[in-house]
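The following note sets out points for a colleague who is examining the model alongside its sequence. Please read the numbered points with the structure open.

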Amino acid sequence: MAPRAYWKGTLKLSLVSCPVVLYPATTAAEKTRFHMINRETGNRLKQQMIDAETGDVVESDQKGRGYELRKGKYVEIEPEELEAVQIGSNHTIDIESFVPSDEIDQRYLNHPYYVAPDGKAAIDAFAVIRDAMKDQDRVALAKIVLTNREHIIAIEPLGKGLLGTTLRFPYELRDEGQFFDDIKSPKITKDMVELAGHILQTKTAHFDPSKFKDEYENALKALVRRKASGKTIELPEPEEKPSNVVNLMDALKQSLKGRGGKKTSGKSHARRTRGRQRGAKKTQRAAAGRRKAG
């Protein structure tokens, strides 16, 4: 069965338009989930809305929306008042601009969606827009209305289709300064940086998400299977916390040694290499001299 479309509408590039559908690119269906249950009866628990002051259960027809002006003081907003500010969904993704992909700050990326043509009649126009972006190596920026809110969406080619990723607005990002400004700038020796560079080289690889393993999820599934089969669950012994006192240079050398690398710095390695080269040249000259004398 084909997945159900999350959104249907029209993708427009100037006067070129085509019907498209959006599908969520991510899923949490495979994640292990737990329900709250009554330990005595084994029955699932039902959540209720409780008045924070009186403790009374609030029925659905009594629930409303309120914005907190100050501590404990709310202004109630009626549903029809919310409708007055909602953006009318015209079900159109109107491309406004194209930008280089490397200019998009990774922090703005939010939710990914697969964008596909909606019906055979849309395939030609869809392919034209997709292939034009491939040729120019650009990402389209457009506006889209999802769940009554306007979003900016970045659209780029992905295989035969398109990948659309909603972007966060600037007000949703925290300023990195409040987290990084207090980081000191210690004096690090060049040898330390070179050793760290050698360690990086030993771990060089290509991005391969198939190697990602959710160890916690696997452990949860194993726990549920053991528990359901009546087996006892043995708690692991608490691990001793390692000391925070570390000699950085020693740690770098041991790390490199553990990876089968050399403990010496890049400079020392270069000096030894040049020494071997000079020695080889001397040997060659001496041998040539002997051949002349003979």
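A salt bridge is taken here as a side-chain nitrogen of Lys or Arg within 4 Å of a carboxyl oxygen of Asp or Glu. The model is predicted: local features need pLDDT of at least 70, side-chain atom pairs count only at pLDDT 80 or more, and totals for chains, interfaces and linings use all residues. Residues are numbered from 1 along each chain as its sequence is written, and side-chain values use heavy atoms, with hydrogens and water left out.

1. Glu 217 and Lys 221 join their side chains in a salt bridge, with an N to O distance of 2.5 Å. Both residues belong to helix α5 (residues 215–228) and are four residues apart, about one turn of the helix. Helices (H or I, at least four residues) and strands (E, at least two) are DSSP runs, numbered from the N terminus. Glu 217 is buried, at 10% relative accessible area, whereas Lys 221 is partly exposed, at 31%. In these terms, buried means under 20% relative accessible area, exposed over 50%, and partly exposed in between (1.4 Å probe, protein chains only).

2. Other salt bridges. The structure holds five salt bridges. Shared partners join Asp 105, Arg 107 and Glu 176 into one network of salt bridges. Within that group, the closest N and O atoms of Asp 105 and Arg 107 are 2.6 Å apart. Asp 105 is partly exposed at 28% relative accessibility, and Arg 107 is partly exposed at 39%. A further salt bridge, at 2.9 Å from N to O, links Arg 130 with Asp 131. Of these two residues, Arg 130 is buried, with a relative accessible area of 15%, and Asp 131 is partly exposed, with 31%.

3. Gly 159 is found in the loop between β8 (149–158) and β9 (161–167). Its C-alpha atom is separated by 9.6 Å from that of Arg 130, and the two residues are 29 residues apart along the chain. Gly 159 counts as exposed, at 52% relative accessibility.

4. The barrel. What is the strand order of the closed barrel? Its seven strands run β1-β2-β6-β9-β8-β7-β5, with mixed pairing. The twist averages 40 degrees from one strand to the next; axes are lines fitted to C-alpha atoms, for helices over the stretch in contact, and angles run from 0 to 180 degrees between N-to-C directions. Two strands pair if DSSP finds at least two bridges between them.

5. β1 pairs with strand β2 (residues 16–24) in the antiparallel sense over seven bridges, and Thr 10 has Pro 19 in β2 as its bridge partner. These two strands form a hairpin with two residues between them, and Ser 14 in the turn has a positive phi of about 60 degrees. β2 also runs antiparallel to β6, to which five bridges join it; here Val 21 stands opposite Ala 116 in β6. Strand β5 (residues 92–100) and strand β7 (residues 138–146) are antiparallel over six bridges, with Ile 95 opposite Ala 142 in β7.

6. Aromatic pairs. Three aromatic pairs are found in a search of the whole structure. Rings of Phe, Tyr and Trp (its six-membered ring) pair if their centres lie within 6.5 Å; planes under 30 degrees apart count as stacked, over 60 as edge-to-face and the rest as tilted. Tyr 6 and Tyr 113 are stacked, because their ring centres are 5.5 Å apart and their planes lie at 25 degrees. The pair links distant parts of the chain, 107 residues apart: Tyr 6 is in the segment before β1 (7–13) and Tyr 113 is in strand β6 (residues 109–117). Tyr 6 is partly exposed at 39% relative accessibility, whereas Tyr 113 is buried at 9%. The pair of Phe 207 and Phe 212 is edge-to-face, because the ring centres are 5.7 Å apart and the planes lie at 70 degrees. Phe 207 is exposed, with a relative accessible area of 69%, and Phe 212 is exposed, with 56%.
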